[in-house]
Every structure is written in C-alpha cells, then in structure tokens.
Amino acid sequence: MMTPTSDPSSSPDGGVARLVRGTGVALLTLAMLGATYLIWARGEAMIVDLSTLAGKVLCF
C-alpha cells in the first residue's frame, strides 16, 4: 500500500491557509454585495458616472 509523502491536512500551516482562504472569500463576497447594492441603488447614474470618469482618465 502506498502512502503519500506529505499530507496537507497534517501540516501546521493548514489552519493558516484555511484562514487566509476564508478571509479572501469573505472579502470577495463583501465586495460583490457592495457592488450589487450600488447598482441597485444608483442604477444607470453610476454607469454614466463611470463612463464620464473613463473619458477624463483615458482622454478619448
């Protein structure tokens, strides 16, 4: 029977990696919820604001 040379679940950094992954998922979820709220609350006005900003930044 073959056994793996390294077991990721037994490594001491397994808890840290899980914490970092959980924090990343939580931040991404929060950003997506914030974006959804802004689209819901401002709608087309936000898209117009972004296109105006892009026109000023990119000089088109």
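Me: How many salt bridges does the structure hold?
Reply: The structure holds 1 salt bridge. This is a predicted model: local features need pLDDT of at least 70, side-chain atom pairs count only at pLDDT 80 or more, and totals for chains, interfaces and linings use all residues. Residues are numbered from 1 along each chain as its sequence is written, and side-chain values use heavy atoms, with hydrogens and water left out.

Me: What makes the contact of Asp 49 and Arg 42 a salt bridge?
Reply: The term needs a side-chain nitrogen of Lys or Arg within 4 Å of a carboxyl oxygen of Asp or Glu. Here the N to O distance is 2.6 Å, so the pair meets the definition. Side chains of opposite charge can pair when their charged atoms come close.

Me: Why does Asp 49 count as partly exposed?
Reply: Buried means under 20% relative accessible area, exposed over 50%, and partly exposed in between (1.4 Å probe, protein chains only). Asp 49 has 39%, so it falls in the middle class. Arg 42, with 44%, is partly exposed too.

Me: Why is the pair of Tyr 37 and Trp 40 called tilted?
Reply: A search of the whole structure finds 1 aromatic pair. Tyr 37 and Trp 40 form it, at 6.0 Å centre to centre and 40 degrees between the planes. Rings of Phe, Tyr and Trp (its six-membered ring) pair if their centres lie within 6.5 Å; planes under 30 degrees apart count as stacked, over 60 as edge-to-face and the rest as tilted. Therefore 40 degrees gives tilted.

Me: How are Tyr 37 and Trp 40 placed in helix α1?
Reply: They are 3 residues apart, which means a separation of about one helical turn. Trp 40 is exposed, at 70% relative accessible area.

Me: How do you know that the span of helix α1 agrees with its number of residues?
Reply: Helices are DSSP runs (H or I, at least four residues), numbered from the N terminus. The expected span is 1.5 Å times one less than the number of residues. For the 29 residues of α1 (residues 14-42) that comes to 42 Å. The end C-alpha atoms are 42 Å apart, so the two agree. Gly 43 follows α1, with a positive phi near 60 degrees.

Technical notes
Helix = DSSP H or I, 4+ residues; strand = E, 2+ residues; numbered from the N terminus.
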